[in-house]
Amino acid sequence: MDTSRSADWLAKALVFSGRPDPAWAVPGSVAEELLRLWSELPSSTDRQPSPPALGYRGCLLEAPDGRTWESFGGQVTLKDGQTTESRGDPGRSFERQLLATAPANTLPPFFSN
Amino acid sequence: MTIRITIDIFSGRPNPSVELDDRESANVLDRLMPERRLAENEPGLPAEPTLGYRGLVVEQIGERREELPELFRVVDGDVFGRGLAHRARDERVGDYLIGADSPLRRANVDQTVMERLPEEAERFRDIRRAWPIEFPPIPFWPRCCRCGPIYEPGWWNVPSRQPFNNCYNYATNYRTDTFAQPGRAAGAMYTSLSCGSVGPAAVADDLIDTPDADNACPTVGDLVAMVIWPDADFHWYRKGRNGWWSHKRGGTPVTNVDNSGNYISDPRYANRGPYIDFCTFHGCHAWTHQDQLTGWLRR
């Protein structure tokens, strides 16, 4: 997979209600590492956990071709057009690694992942 | 046509589930076909979830049997789901599915769980028989808001509107498709994420500061409420015509429950997650959402 177009990989923390959610570019090499991590996670048929009505609802990695990996509550779900595939991530390593790529002061105060 | 059966039994661990093959699925679905509607004096389901075995959840995957919903629950010989509270064709289907000849036995389900199921099913049967099938009383019904907007999440929760309109759009019932920000259109956008900054920005947008509203509807227009996640974000609620409040969190669907899953009679006392500062109520002109794509908020 060509992940060299680093500027085209985007991350987003799903957290706000009034303001637009914080978004930032992810380097291609980091995206590649995240995809490798995702490919090693076990398949999951569990229902996606419900996020709270207000507050942090997970984070998202978006590929240049539009595919997204959304992570919340120990699950990472790949959405590719109409298809979805979930993987279990009880340690939330995908989510933590993705959020760790956020530039300083991008995420809100009191943000705990 | 296949089905997935989940044994609804655990609280902390994930419930075990198995997917049946086509032949087994067809056999089980034949047994589950709704035969007659349950009478009022027959046991239904407890009004609240109980601990321990709570029945089997059946999901139809792919092509489905039309007489049964995509997702439903089987308890003893009864099936429950959307539009469904029926006795199944095979009244002993529940026993069959948890019994020694069940396809669940051939699946990779924890055998200690399987061995306990008959006993657990009996316990749940007793609960169903004894349960007072009553909904908990509603302590009060909030006063209606004559001029308030109707709760119609379906209008907002569509791909052409939902992602582009936020809590402020929804609360003011004003679609702009721009993720409206208080004060932006009036050239007086908030400068910090605090009550003292976002409030005046909203007033610049023509909202009416009504700190003494005390959850009562104005005689003209709607009632909205502003809350703050200090230094991080703002959020708005709106009071509906039926007296209950609803809201829209960013680009996600409209909802009428708070972070605890409760209906909202007063946002001051709702579970608001990190939006810990309740700022004030505001009056809002009674716009209709359908025709606002060219109005003042659109910038």
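Is A:Phe72 buried or exposed, and what is its relative accessible area? In this predicted model, A:Phe72 has a relative accessible area of 18% and is buried, because buried means under 20% relative accessible area. A:Tyr56 likewise counts as buried, at 15% relative accessibility.

A:Tyr56 is located in the loop between helix 1 (28-40) and strand 3 (59-62) of chain A, whereas A:Phe72 belongs to strand 4 (residues 68-72) of chain A, so the pair ties together parts that are 16 residues apart in sequence. In chain B, the rings of B:Tyr168 and B:Trp236 are also tilted, because their centres are 5.1 Å apart and their planes stand at 45 degrees. Here the pair ties together parts that are 68 residues apart in sequence, as B:Tyr168 lies in helix 6 (residues 167-171) of chain B and B:Trp236 in strand 10 (residues 233-239) of chain B. Both B:Tyr168 and B:Trp236 are buried. Returning to chain A, one aromatic cluster is formed by A:Trp9, A:Trp38 and A:Trp69.

Aromatic rings also meet charged groups in chain B. The charged end of B:Arg161 sits over the ring of B:Trp155, at 3.8 Å from its centre, and the charged end of B:Arg238 sits over the ring of B:Tyr170, 3.8 Å from the centre of that ring.

The strands of chain A include six that form an open sheet in the order 2-1-3-4-5-6, with antiparallel pairing. Strand 2 (23-25) and strand 6 (83-88) of chain A are the edge strands, each of which pairs on one side only. On average, and with direction ignored, neighbouring strands of this sheet are turned by 20 degrees against each other. Within the sheet, strand 1 (residues 10-13) of chain A runs antiparallel to strand 3 of chain A and is joined to it by four bridges, and A:Ala13 stands opposite A:Cys59 in strand 3 of chain A.

In chain B, the buried residues of helix 1 (residues 22-32) are B:Glu24, B:Ser25, B:Val28, B:Leu29 and B:Leu32. They cover an arc of only 130 degrees around the axis, which means that they lie on the same side of helix 1 of chain B. At the start of this helix, a side-chain oxygen of B:Asp21 reaches to within 3.2 Å of the backbone nitrogen of B:Arg23.

Methods. Residues numbered from 1 in each chain as written. Chains lettered and ligands numbered in written order. Predicted model: local features only at pLDDT ≥ 70, side-chain atom pairs only at ≥ 80, totals over all residues. Heavy atoms only, no water. Buried < 20%, exposed > 50% of the residue type's maximum accessible area, 1.4 Å probe, protein only. Helix = DSSP H or I, 4+ residues; strand = E, 2+ residues; numbered from the N terminus. Arc of directions from axis to C-beta. Polar contact = N/O pair within 3.5 Å; in protein donor to acceptor, adjacent residues only side chain to side chain. Phe/Tyr/Trp six-rings, centres within 6.5 Å; stacked < 30°, edge-to-face > 60°. Lys NZ or Arg CZ within 6 Å of the ring centre and 35° of its normal. Pairing = 2+ DSSP bridges. Axes fitted to C-alpha atoms, helices over the stretch in contact; angles between N-to-C directions.
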